[in-house]
Amino acid sequence: MSVRLSLAIETGGFTVPDQGPIVVFHPRSGNDLSALPQDRVVVVQPFRPDFEAFEAQGYTCVARYEGEAPTASVVFVTRAKALARDLVAQAVAMTKGPVLIDGAKTDGIDSILKEMKRYSTPSSPISKAHGKVFHVPGGAELVQLRPAAQAEIEGFITAPGVFSADGVDPASALLAAALPAKLGRRIADLGAGWGYLSAEILKRSDVRSLHLVEADYVALECAKRNNSDERAQFHWADARTWSTPEICDCVVMNPPFHSGRAAEPALGQAFIEQAARVLASSGDLWMVANRHLPYETTLEQNFLTVEEVAGESRFKVLHAARPRRHKR
């Protein structure tokens, strides 16, 4: 919450240096950074929708920071435990001045504070809006907090914080098993993650081009390592608004349905609508979803035929064909 950032500056002893870059790690689009001097702030955000939101506000944004050592940093704690600790360790190691750590209780800020007391000297925390904020000195190598930058899981490279970092997602595996032997020449994998489904698609000799569209820059970097096939093309983009370079014969996807901790079926529904837009008039959509998600209505609104082709108690594999052309 932005109120904690403001309080830390106003009453919590976090002094913003007069010079040098201030690096802000992983703020979400709802975070207000106006308490910091915008002309010196560099936002580090690998998630494309949030990246674009801060860019639209006039902030300098990067997916990965490789600039001069910041004179202060701010870390917004993420839900992913390994990633949150890695971001804190990165920020402390590179920063010449103080590092502010801000997070909600539901995202594990209390455990991070407890851990930091073992390795550093945190300020007294400020509790506000169901979370805490505190700061620590920069310049230390907190190697104890850093996981492996990338890991090999079941023959694939993954990274902390990406979806299904610990192994192949069972829903994606179910979808891969249900895909037909021939999918078409031009394929899009919307929300490609670290590239498991794409690797399965590229086993088909009839595929001529495969577009991996992924909003998470880190996941996409993994996907590049997991899919070195020259037919693969990589797009760091929000799949809901991606501009396809060619009309596709087939879309394959396991769309996200969470925003933070809240279930948000509208995300998957937007993926379905986008799939219909990028497909040829005779194109096919193959997707997997949690069984309780109400996607059939959206599919029927956007495709002429819809059927469930596989599934089990948790997941359903849906096939839709021939997108409807709505007047715009």
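Predicted model: local features only at pLDDT ≥ 70, side-chain atom pairs only at ≥ 80, totals over all residues.
**Entry 1: the cores**

I began with the largest nonpolar core, which has 32 residues, and looked for the members that touch the most others: they are Leu175, Leu183, Ile187, Ile201 and Val252. For my own notes, a nonpolar core is a set of buried Ala, Val, Leu, Ile, Met, Phe, Trp, Tyr and Cys residues joined through side-chain atoms within 4.5 Å. Buried means under 20% relative accessible area, exposed means over 50%, and partly exposed lies in between (1.4 Å probe, protein chains only).

Residues are numbered from 1 along each chain as its sequence is written, and side-chain values use heavy atoms, with hydrogens and water left out.

Back to the largest nonpolar core, with its 32 residues. Which elements give two or more residues to this core? I listed strand E9 (156-158), helix H5 (170-178), helix H6 (196-201), strand E11 (209-214), helix H7 (217-226), strand E13 (248-253), strand E16 (279-290) and strand E18 (315-323). H6 gives the most, with four residues. Helices (H or I, at least four residues) and strands (E, at least two) are DSSP runs, numbered from the N terminus.

I then picked out Ile187 and noted what it touches, not counting residues up to four places away in sequence: Ile201, Val207, Ser209, Leu210, His211, Cys248, Cys250 and Val252. Contact here means heavy atoms within 4.5 Å. Another core, of 25 residues, lies apart from this one, and Val213, Trp242, Ala275 and Ala276 are among its members. A reminder to myself: in soluble globular proteins, nonpolar side chains tend to be buried together.

Next I looked up Leu220, which sits in helix H7. Is Leu220 buried or exposed? Its relative accessibility is 3%, so Leu220 counts as buried. Leaving aside neighbours within four places in sequence, I found Leu220 in contact with Gly193, Leu212, Glu214, Phe234, His235 and Trp236.

I also checked Leu220 against Trp194: they are 26 residues apart along the chain, and their C-alpha atoms are separated by 5.8 Å. Trp194 lies in the loop between strand E10 (186-190) and H6, and at 5% relative accessibility Trp194 counts as buried too. For Trp194 and Gln301, 107 residues apart along the chain, I noted a C-alpha separation of 30 Å.

**Entry 2: helix H2**

In helix H2 (residues 48-56), I marked Arg48, Pro49, Asp50, Phe51 and Phe54 as buried. What do the buried residues of H2 pack against? They pack against strand E2 (41-44), strand E3 (60-62) and strand E12 (232-236). Just after H2, Gly58 takes a positive phi of about 100°.

**Entry 3: H3 against H4**

I turned to helix H3 (residues 81-94) and helix H4 (residues 109-119), which pack at an angle of about 45° with their axes 11 Å apart. The axes are lines fitted to C-alpha atoms, for helices over the stretch in contact, and angles run from 0 to 180 degrees between N-to-C directions. H3 and H4 are therefore oblique to each other. On this scale, angles under 35 degrees count as roughly parallel, over 145 as roughly antiparallel, 65 to 115 as roughly perpendicular and the rest as oblique.

Which residues make the contact? From H3 I wrote down Ala84, Arg85 and Val88, and from H4 Ser111, Ile112, Glu115 and Met116. By class, that is four nonpolar, one polar and two charged residues. Ala, Val, Leu, Ile, Met, Phe, Trp, Tyr, Cys and Pro count as nonpolar, Asp, Glu, Lys and Arg as charged, and the others, Gly among them, as polar.

**Entry 4: the loops around E6**

In the loop between H4 and E6 I looked up Ser123 and Ser124. Ser123 is buried, with a relative accessible area of 17%, and touches Phe134 and His135, not counting residues up to four places away in sequence. Ser124 is exposed, with a relative accessible area of 63%.

Then I moved on to the loop between strand E6 (126-128) and strand E7 (131-137), where I found Ala129. Phi of Ala129 is near 55°, a positive value in a residue other than glycine. Ala129 is partly exposed, at a relative accessible area of 33%. His130 lies in the loop between E6 and E7 and has a positive phi of about 60°, although it is not a glycine. His130 is exposed, with a relative accessible area of 71%. I noted these phi values as most residues other than glycine have a negative phi.
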